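Please prepare a briefing on the side-chain interactions of the protein shown below.

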Amino acid sequence: MSFNLEALGVWTEPKHFTVGQERVAAYAAATNDPIPEHRSGELAPPVFAVVPAFESSAEAVLAVAPPELLMMLVHGEQDFFYHRPITPGLELVTRSAPLGVRQTSAGVVVAVKSETRTAAGDLVNEQWMSTFFRGAQGEAGGGEHAPGHTLAEEIRAAEPAGEAKQHVDADQTARYAEPSGDHNPIHLDPDFAQAVGLPGIINHGLCTMAFASHAVLGVTENDPRNLERLAVRFAKPVLPGQDISTRVWTAGGPGGFAFETSSDSDVVVIKDGLAVFRQS
């Protein structure tokens, strides 16, 4: 069950995606987005950037990971670097490559980088996705690690700039699956989720990340068009029906904010959150 290290650094064929206003609006609705321009589909929410890259990044993971381990895959980290907003009508082209494999005590992490450009070749965003294969052992590893974004303990211990509380709806995963394109059964089938060791269906990590992004935008009163970077580590699953709370701290220089999200059972579900906004 070894990972295919020969696939590291090999880019997928370009995947094309046309941004539709209805798809953007559906994604915003599926993530309970409170921002009017997102809800109307006029401006894509920050985490929507994963949608045009979804097929490409999945292909990159499949190039390196043993098929028999795929059902043990969970999303470990996500890190977006934004160069321009996504708006309806854009024709986007994405390619992805697995760039690193790393053994940990609890499993194996595969780091994938994606680049999304306009049809003219202008860079729209770059994103790193770290996927975690629970229980995988004995892998030598190699390649690159994803960029770091660890929340320093002294910042975490300080008084936050603000906090936002949100509710994850009972039907959140069913609503999120279609506009995101992610129909993984751990989010939709309770029996399957329990069969792979989960307590039941869990919220999509990127849906929880979208919730956290709303919290950060609200607390900091920043324009989403000015977002340069948004990164998280998925620490624990969120269950449909739970309440979550995101605390936000000023950190990382001008325009920088750290954040962390906890569930109503006081379990940290998103760690090492980082948001950086462009300064005028």
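E115 counts as buried because its relative accessibility is 13%, where buried means under 20% relative accessible area, exposed over 50% and partly exposed in between (1.4 Å probe, protein chains only). E115 forms a salt bridge with R117, with the closest N and O atoms 3.8 Å apart; a salt bridge is a side-chain nitrogen of Lys or Arg within 4 Å of a carboxyl oxygen of Asp or Glu. This is a predicted model, in which local features need pLDDT of at least 70 and side-chain atom pairs count only at pLDDT 80 or more, while totals for chains, interfaces and linings use all residues. Residues are numbered from 1 along each chain as its sequence is written, and side-chain values use heavy atoms, with hydrogens and water left out.

**Salt bridges**

- Side chains of opposite charge can pair when their charged atoms come close.
- The count comes to 14 salt bridges.
- R117, the partner of E115, is partly exposed at 31% relative accessibility.
- R278 and E228 meet in a salt bridge with an N to O distance of 3.5 Å. This pair links distant parts of the chain, with R278 in the segment after strand 11 and E228 in strand 8, 50 residues apart. Helices (H or I, at least four residues) and strands (E, at least two) are DSSP runs, numbered from the N terminus.
- R278 is partly exposed at 33% relative accessibility, and E228 is partly exposed at 31%.
- R247 forms a salt bridge with E260, the closest N and O atoms being 3.5 Å apart. Because R247 lies in strand 9 and E260 in strand 10, the pair ties together parts that are 13 residues apart in sequence.
- R247 is partly exposed at 26% relative accessible area, whereas E260 is buried at 4%.
- K15, E55 and E59 are linked in a network of salt bridges.

**Surroundings of S56**

- S56 is located in helix 3 and is buried, with a relative accessible area of 0%.
- The side chains of S56 and T12 make a polar contact at 3.1 Å. A polar contact is a pair of N or O atoms within 3.5 Å; within protein, one must be able to donate a hydrogen and the other to accept it, and residues adjacent in sequence count only if both atoms are side-chain atoms.
- Apart from neighbours within four places in sequence, S56 is in contact (heavy atoms within 4.5 Å) with T12, K15, T94, R95 and S96.

**Aromatic rings**

- The whole structure holds 6 aromatic pairs. Rings of Phe, Tyr and Trp (its six-membered ring) pair if their centres lie within 6.5 Å; planes under 30 degrees apart count as stacked, over 60 as edge-to-face and the rest as tilted.
- The rings of Y27 and F48 are edge-to-face, because their centres are 5.5 Å apart and their planes stand at 85 degrees.
- Both Y27 and F48 are buried.
- F17, Y27, F48 and Y176 are linked by ring pairs into a cluster.

**Nonpolar cores**

- Among the 41 residues of the largest nonpolar core, F48 and F259 touch the most other members. Such a core is a set of buried Ala, Val, Leu, Ile, Met, Phe, Trp, Tyr and Cys residues joined through side-chain atoms within 4.5 Å.
- Helix 7 gives the most to this core, with 8 residues.
- A second, separate core of 13 residues includes A60, A65, V108 and M129.
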